[in-house]
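Here is a short briefing on one protein chain. Keep the sequence and the 3D view side by side as you read.

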Amino acid sequence: VRAVLRRFNPNARIVEAAWGRVEPRSVLDTGLFDMELAARNPEWLKEARVGEHKPETAEYGISSVTYRCRRPFDVERFEELTARWAEDGAFIGAIDAIKSEAEGGE
């Protein structure tokens with residue numbers, strides 16, 4: 001995984017996770033992404049261009065995903081979150097919601 005990350009962005013800060021858990025502040029709204037620098041990377045451009053992306057399902061042989069959690073999946077909360085994405089036109093609302101939840105908000 002590190003080799004793939006380095007191929008796309010040799011200068012990226014890699015944040016290791018245990019069981020997919022990371023401190024949200026370490027990956028959200030860091031200000032580290034530089035579009036000009038990314039646009040100079042041919043591998044990044046290859047992924048960004050339409051028709052050149054190989055889906056992860058094909059690349060890694062993923063045929064299904066199983067969601068497991070102690071708490072049941074809350075479909076209504078998920079729908080509210082995705083509705084906010086649509087309203088905001090991006091992940092802005094989702095990022096704010098994740099930050100708020102991480103800080104103990106609702």
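Trp-19 sits in the loop between helix 1 and helix 2. The model is predicted. In this model, the phi of Trp-19 is near 60°, a positive value in a residue other than glycine. The protein has six helices and zero strands.

**The loop between helix 1 and helix 2**

- Trp-19 counts as exposed, because its relative accessibility is 84% and the cut-off for exposed is over 50%.
- Asp-29 lies in the loop between helix 1 and helix 2 as well.
- Asp-29 has a positive phi too, of about 55°, although it is not a glycine.
- Asp-29 is exposed, with a relative accessible area of 64%.
- Val-15 is also placed in the loop between helix 1 and helix 2.
- Val-15 counts as partly exposed, at 32% relative accessibility.
- How far apart are Val-15 and Ser-26 in space, C-alpha to C-alpha? The distance is 7.4 Å, while in sequence Val-15 and Ser-26 are 11 residues apart.

**Overall build**

- Along the sequence, the pattern reads α-α-α-α-α-α.
- The protein has 106 residues, and 8% of them count as buried.
- A residue is called buried when its relative accessible area is under 20%.

**Salt bridges**

- How many salt bridges does the count come to? The count is two.
- One of them joins Glu-16 to Arg-2, with the closest N and O atoms 2.2 Å apart.
- Glu-16 lies in the loop between helix 1 (2–8) and helix 2 (35–39), and Arg-2 lies in helix 1, so the pair ties together parts that are 14 residues apart in sequence.
- Is Glu-16 buried or exposed? Glu-16 is exposed, because its relative accessible area is 60%.
- Arg-2 is partly exposed, with a relative accessible area of 44%.
- Arg-25 forms a salt bridge with Glu-23, and here the closest N and O atoms are 3.0 Å apart.
- Arg-25 is exposed, with a relative accessible area of 57%.
- Glu-23 counts as partly exposed, at 44% relative accessibility.

**An aromatic pair**

- The count of aromatic pairs comes to one.
- Phe-73 and Phe-78 make this pair: their ring centres are 5.6 Å apart and their planes stand at 50°, so the pair is tilted.
- Planes under 30 degrees apart would count as stacked, and planes over 60 as edge-to-face.
- Where is Phe-73? Phe-73 lies in the loop between helix 4 (56–59) and helix 5 (75–88).
- Phe-73 is partly exposed, because its relative accessible area is 43%.
- Phe-78 is partly exposed, with a relative accessible area of 41%.

**A nonpolar surface patch**

- Which residues form the nonpolar patch on the surface? They are Tyr-67, Phe-73, Val-75 and Phe-78.
- Together these residues have about 420 Å² of accessible area.

- Rolling a probe the size of a water molecule over the atoms shows where empty space is left.
- The second largest pocket holds about 710 Å³ of space.
- How many residues line the second largest pocket? The lining has 19 residues.
- Asn-9, Ala-12, Arg-13, Leu-32 and Phe-33 lie nearest the centre of this pocket.
- Helix 1 and helix 2 each supply at least two residues of the lining of the second largest pocket.

Definitions and conventions. Residues numbered from 1 in each chain as written. Predicted model: local features only at pLDDT ≥ 70, side-chain atom pairs only at ≥ 80, totals over all residues. Heavy atoms only, no water. Patch = residues over 30% accessible without salt bridge, like charges linked within 9 Å, V, L, I, M, F, W, Y side chains within 5 Å. Areas by Shrake-Rupley, 256 points an atom, 1.4 Å probe, with all protein chains shown as cover. Salt bridge = Lys/Arg side-chain N within 4 Å of Asp/Glu carboxyl O. Helix = DSSP H or I, 4+ residues; strand = E, 2+ residues; numbered from the N terminus. Phe/Tyr/Trp six-rings, centres within 6.5 Å; stacked < 30°, edge-to-face > 60°. Buried < 20%, exposed > 50% of the residue type's maximum accessible area, 1.4 Å probe, protein only. 1 Å grid on protein atoms, 1.4 Å probe; cavity = no way out; pocket = protein on both sides within 12 Å on 5 of 7 lines; lining within 4 Å. Points joined across faces, edges and corners; volume = space filled by probe spheres on them.
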